[in-house]
Amino acid sequence: MFYDLFPAEQAAELAMRATLLRGLQAWLGASGITQTRAAATLGTTQARISDIKRGKIERFSLDLLVRLAERAGLRPEVRLAA
């Protein structure tokens, strides 16, 4: 979807950010912990957890999402395809 709307390099970043954000949303749902506890676990604020739950992708950089995913134990990685 992003590749239809944005230049390739911007679309690639957005796709990565979306994947990480969806993973964090799934982790939050599966963990069953409160937003306050999730914030403490991820080293961020409750407001940022709320942004994740609401899918506010524009509020997160790629590097921050990678760090949050790692803190959640999601082990983010990058694969390149030619």
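**Salt bridges and a surface patch**

Let me begin with Arg-79 and Glu-77, whose side chains meet in a salt bridge with a distance of 2.7 Å from N to O, and both of these residues, Arg-79 and Glu-77, are exposed. Please keep in mind throughout that what we are looking at is a predicted model. A search of the whole structure turns up five salt bridges, and I will take you through some of them.

Because Glu-13 and Arg-17 are four residues apart in helix α2, about one helical turn separates them. Glu-13 counts as partly exposed, with 34% relative accessibility, whereas Arg-17, at 11%, counts as buried.

Next, Asp-51 forms a salt bridge with Arg-59, and their closest N and O atoms are 3.5 Å apart. Here Asp-51 is buried, at a relative accessible area of 6%, while Arg-59 is partly exposed, at 44%. Asp-51 and Arg-59 also belong, together with Arg-54, to a network of salt bridges.

Finally, which residues form a nonpolar patch on the surface? They are Met-1, Leu-5 and Phe-6, and together they have about 350 Å² of accessible area. Of these, Phe-6 sits in the loop between α1, residues 2-5, and α2, residues 8-31, and Phe-6 counts as partly exposed because its relative accessibility is 31%.

Terms used:
Residues are numbered from 1 along each chain as its sequence is written. This is a predicted model: local features need pLDDT of at least 70, side-chain atom pairs count only at pLDDT 80 or more; totals for chains, interfaces and linings use all residues. Side-chain values use heavy atoms; hydrogens and water are left out. Patches are made of residues with over 30% relative accessible area and no salt bridge: like charges are joined within 9 Å, nonpolar side chains (Val, Leu, Ile, Met, Phe, Trp, Tyr) within 5 Å. Accessible areas come from the Shrake-Rupley method with a 1.4 Å probe; for residues, only the protein chains shown count as cover. A salt bridge is a side-chain nitrogen of Lys or Arg within 4 Å of a carboxyl oxygen of Asp or Glu. Helices (H or I, at least four residues) and strands (E, at least two) are DSSP runs, numbered from the N terminus. Buried means under 20% relative accessible area, exposed over 50%, partly exposed in between (1.4 Å probe, protein chains only).
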